[in-house]
Every structure is written in structure tokens, then in C-alpha cells.
Amino acid sequence: MIVYRVYIMCIKTRMSSEMVSCIAVESLSILEKMHSKGYVHGDVKPENFLLGQPATAQEKKLFLVDLGLATKWRDTSSGQHVDYDQRPDMFRGTVRYASVHAHLGRTASRRDDLESLAYTLVFLHKGRLPWQGYQGDSKSFLVCKKKMGTSPETLCCLCPPPFRHFLEIVVNMKFDEEPNYSKLISLFDGTIGPNPALRPINTEGAQKVGQKRGRLNVEDDESQPRKKVRLGVPATQWISIYNARLPMKQRYHYNVSDARLEQHVERGVADGLLISCVSSCCNLWALIMDAGTGFTAQVYKLSTFFLHKEWIMEQWDKNFYITSIAGSNNGSSLVVMSKGTQYTQQSYKVSESFPFKWINKKWREGFHVTSMATAGSRWGVVMSRNAGFSKQVVELDFLYPSEGIHKRWDKGYRITATAATLDQSALILSIPRRKLSDETQETLRTSQFPSTHVKDKWSKNLYLACLCYGRTVC
């Protein structure tokens, strides 16, 4: 049926809970039908929900319009779910109602429509969302950060309980998870009046759809364990990455002050160790040294700059290349440069936000990310030619991107660099040109430096490859 905009009434805000619940039930039925055909809408928002012409049989019928951003979630030929990907420079949707995954540039799937619907329902009931009012070039970043930092309980205060339950479910869905539409529709039953004739929106069709599959008792479902939900309280942790290696000697130091750095490095060099990784926490340094770097010589520089351009260029002239960097909250940096690498050219960028566009440009030029660090809110990224990788991807999130990491591992990627600010964590995952004899890789997140965990990993021939300290939980 064609619905002409001139004859339909756009839904207004500040509606009763019964009205919004009717919209929830009917819109879930509409999305279920659309999803069953292999498509996601991509721009669910109040402006795209319309009612039929008044004084007609369609006046209580809800329509979802504007399919300009609709995409496939299911491959037409194979019938399989489309592959997961993330392009942080890509955004599709409306900033106010878009899912967090859409803000982060992840491939659209059914969960994104449902998260957008959750924000739409809260907006219709309360008349406002907490992230309205941001302006400027960083608007999407700030809105996404606010969404991640707002718990379902906070967002849905003054709303009936089904609104919070719905949001808790949809924001924790996996990329390829099939929504339980019957369960979601059942959440809103208690806030809809019993007389169909008096309902502001016709939900009979949606209820019949739910009944065919067996409607769920929401009270019984409350006893089931829920997935972990966003808490709205940011916290920082160490992220440590371990790779399988042949037995070798490795040493770590943490909480190292500027004054004590030199003595640790000299002692390691005397024992045949070179720096493989550096990081920073609370303006103190973490230092990893081992005998398996393959470097023939090494220099390092402590600087109040992030990063010290003149010194780096001097070392490039001497055929040293950057092999690890770290930055502190006060803006200083530690840069390690080595000989004996396979690199043939390097470039680096310091940016106020994660420089994905620059990274993507350098990828096309044959460079790959080899080191990353942060200093406060600033990012420093080093890219090198002849880095030994055939392909790279980025996982960038306001939380630790566990789902993305596991999907990348399944495709043969390994984490090769990581960095984090107090807002975001970023991981670079790469496919090595040469097949590794042992592809085992493990990650840990710990509130303290993982000293006891490192020793346990060593016993399994797993060695620290990279680490950082920053935002990983919310």
C-alpha cells in the first residue's frame, strides 16, 4: 500500500506509556517482517513512523517509511549473515537515535534497528534524550560517548519497567544474534489497555504474530540470568596481549619513574634483552624487555613532546625505526627506535581523535600500523612499509571490543598494536604474510598491572606482545 505524506499524521512526542507501548508492539511487528526479508531499516526514528489518514480504516495503522538507508543483513545468494566489519569513518543513520555500533562504523545488523527503536520509544515518552544539544564536528563522538555512559536505568527513569528491560536486551545483542521478537513484544503487554477498540494504535496484528510462536510470560522470564548491561560508570584497566613463542627470556617493569628508566634499560641490555614494548599509567612507565626482538641496536628518548619530531627524524637518518611508543597523561612520551627491523619507511601522526582516515589512506599506500600510544586524549599512530602484514583492520570502541576481536580471530587476524585513552580503546588486528607456526593469542584486562598473570603465561610459552592502559569498561 502506498502511503502519501500529505494524508498522514506524524507521531508527536511526550506520549502516554500506553500509546508508546502500542507503538513498540506494532513497530516490532513491522521490523520483524522487514528483517525476515533480509533487510535492516538503518534509520529508525520518530519522524519515520507515521499513522494512516484520519477517519479511515488506516487511522490506527502504523507505517515505517524512508528506506533510503536500508541494507542487507543476510546475503541473498548464500542465505548467511553478512560479515562483520568496522569502518570508524563510516556513519549511517541519525545521530540522536543511531545505535552505538552505527556510531562506531560497524556493519549494520538487526540489533541496530532495535537499539534505535529503544531510543525512539524513550524519546516519545519523555520528550527528550540526554545527548541532545551537542554541536560541532565532534557531535557524533560526544553523543556516542554519552550513550555508552548512560545506563538503561538512568535513561529509562520515569518510564515503565518494560522500557528499561527492552533497552537492556537490545544493547547487549550480538552482531548476528536473532532477536526474539515474541519476547520483546511481550514486554509491553502490561502497559497496553485490554480493549482493542480503545487502543490508540491497532496492535492486533502484532499480537497475533506473537501468539503464533507462543507468547512469553515476562514475569517468568525475570528469573533468567541477564547479560551484563552498561553500568554507566567508566573505568580503566590494563589491556595485555600475549603471543605464543618459542621459550625465551622476558622481563617486565612497571610503575617506573623517569629517573629509574635508564637503570632498568641498562640492566636489561647487559643481560641480552632489548625493549619490545612500552606503555604508561598515571605518568609512570611500563617496560617489557626480551631476548626475542631480533633487533641489532636500540635507542630511546624521553621527551616532554608527544612525539619528539626532530629526534625521530635524526634516528631515521641513522636507519633506526620506531618499534614502540608510549605517552603519559601529562603529555610526555617515550619513543623506542631500533635497527634490525624489516621496515623500509615510516610515517606517524599525532591527532586529537583516532586518525582512521589517515590510517586508511596510508593502507592504500602500502603502510601498516606498527605502534600506537596515547597521551591524555591525543592519539599517536606509527605506520611502516614492509611491516610483514597482508591486511589490517581496526577495532575502536568506548568499551573493550570483545565481540569484534573474536570475530577477527576467527578470520585469521591477530592483535598487533593497542592503545587507549580515558574514553576509548583501539586495537589493530593484522594478518601476517607468513603463516605462524602457532597462532595462539590471548588477552587480559586487569585493574592492576598483570604481573602474576604474566608469569603464568610464561609457563605456557605465551609472552607479552603489547599492552596499554585506558578505558575498557563502562
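Trainee: How many bridges join strand 6 to strand 20, and in which sense do the two run?

Mentor: In this predicted model, ten bridges join strand 6 to strand 20 (residues 462–473), and the two strands run antiparallel. Pairing needs at least two bridges, so the ten found here qualify strand 6 and strand 20 as a pair. Within the pair, Ile 241 stands opposite Cys 466 of strand 20.

Trainee: How do you know that strand 6 and strand 19 are paired?

Mentor: Six bridges connect strand 6 and strand 19 in the antiparallel sense; the requirement is at least two, so they pair. Trp 238 has Thr 446 of strand 19 as its bridge partner.

Trainee: Why is strand 6 called largely enclosed?

Mentor: Eight of the ten residues of strand 6 (residues 235–244) are buried, and therefore the rest of the structure largely encloses this strand.

Trainee: Which residues of helix 14 are buried, and what puts them on the same side?

Mentor: The buried residues of helix 14 are Ser 451, Val 454 and Lys 457. Because they cover an arc of only 115° around the axis, they lie on the same side of helix 14. These buried residues pack against strand 6, strand 7, strand 19 and strand 20. Thr 452 and Lys 455 are the exposed residues carried by the face turned away from the buried side.

Trainee: How many aromatic pairs are there, and what makes the pair of Tyr 252 and Phe 449 stacked, tilted or edge-to-face?

Mentor: The count comes to 16 aromatic pairs. Tyr 252 and Phe 449 are 5.6 Å apart, centre to centre, with 35° between the planes.

Trainee: Are Tyr 252 and Phe 449 buried or exposed?

Mentor: Buried means under 20% relative accessible area. Tyr 252 has 15%, so it counts as buried. Phe 449 has 7%, so Phe 449 counts as buried too.

Trainee: What makes the pair of Tyr 254 and Phe 449 stacked?

Mentor: Their ring centres are 4.5 Å apart and their planes are at 10°. Stacked requires planes under 30 degrees apart, so the name applies to Tyr 254 and Phe 449. This pair links distant parts of the chain as well, with Tyr 254 in strand 7 and Phe 449 in the loop between strand 19 and helix 14, 195 residues apart.

Trainee: Why is Tyr 254 called partly exposed?

Mentor: Its relative accessibility is 36%. Buried is under 20% and exposed is over 50%, so Tyr 254 falls in between.

Trainee: Which residues do ring pairs link into a cluster?

Mentor: The cluster consists of Trp 238, Tyr 252, Tyr 254, Phe 449, Trp 458 and Tyr 469.

Trainee: Where do strand 16 and strand 17 stand in their sheet?

Mentor: That sheet is open, has three strands in the order 16-18-17, and pairs antiparallel. Strand 16 (389–397) and strand 17 (414–420) stand at the edges; each has a single partner strand, so one side of each is without a neighbour in the sheet. On average, neighbouring strands of this sheet are turned by 20° against each other, direction ignored.

Conventions: Residues are numbered from 1 along each chain as its sequence is written. This is a predicted model: local features need pLDDT of at least 70, side-chain atom pairs count only at pLDDT 80 or more; totals for chains, interfaces and linings use all residues. Side-chain values use heavy atoms; hydrogens and water are left out. Rings of Phe, Tyr and Trp (its six-membered ring) pair if their centres lie within 6.5 Å; planes under 30 degrees apart count as stacked, over 60 as edge-to-face and the rest as tilted. Buried means under 20% relative accessible area, exposed over 50%, partly exposed in between (1.4 Å probe, protein chains only). Helices (H or I, at least four residues) and strands (E, at least two) are DSSP runs, numbered from the N terminus. Axes are lines fitted to C-alpha atoms, for helices over the stretch in contact, and angles run from 0 to 180 degrees between N-to-C directions. The arc is that of the directions from the helix axis to the C-beta atoms. Contact means heavy atoms within 4.5 Å.
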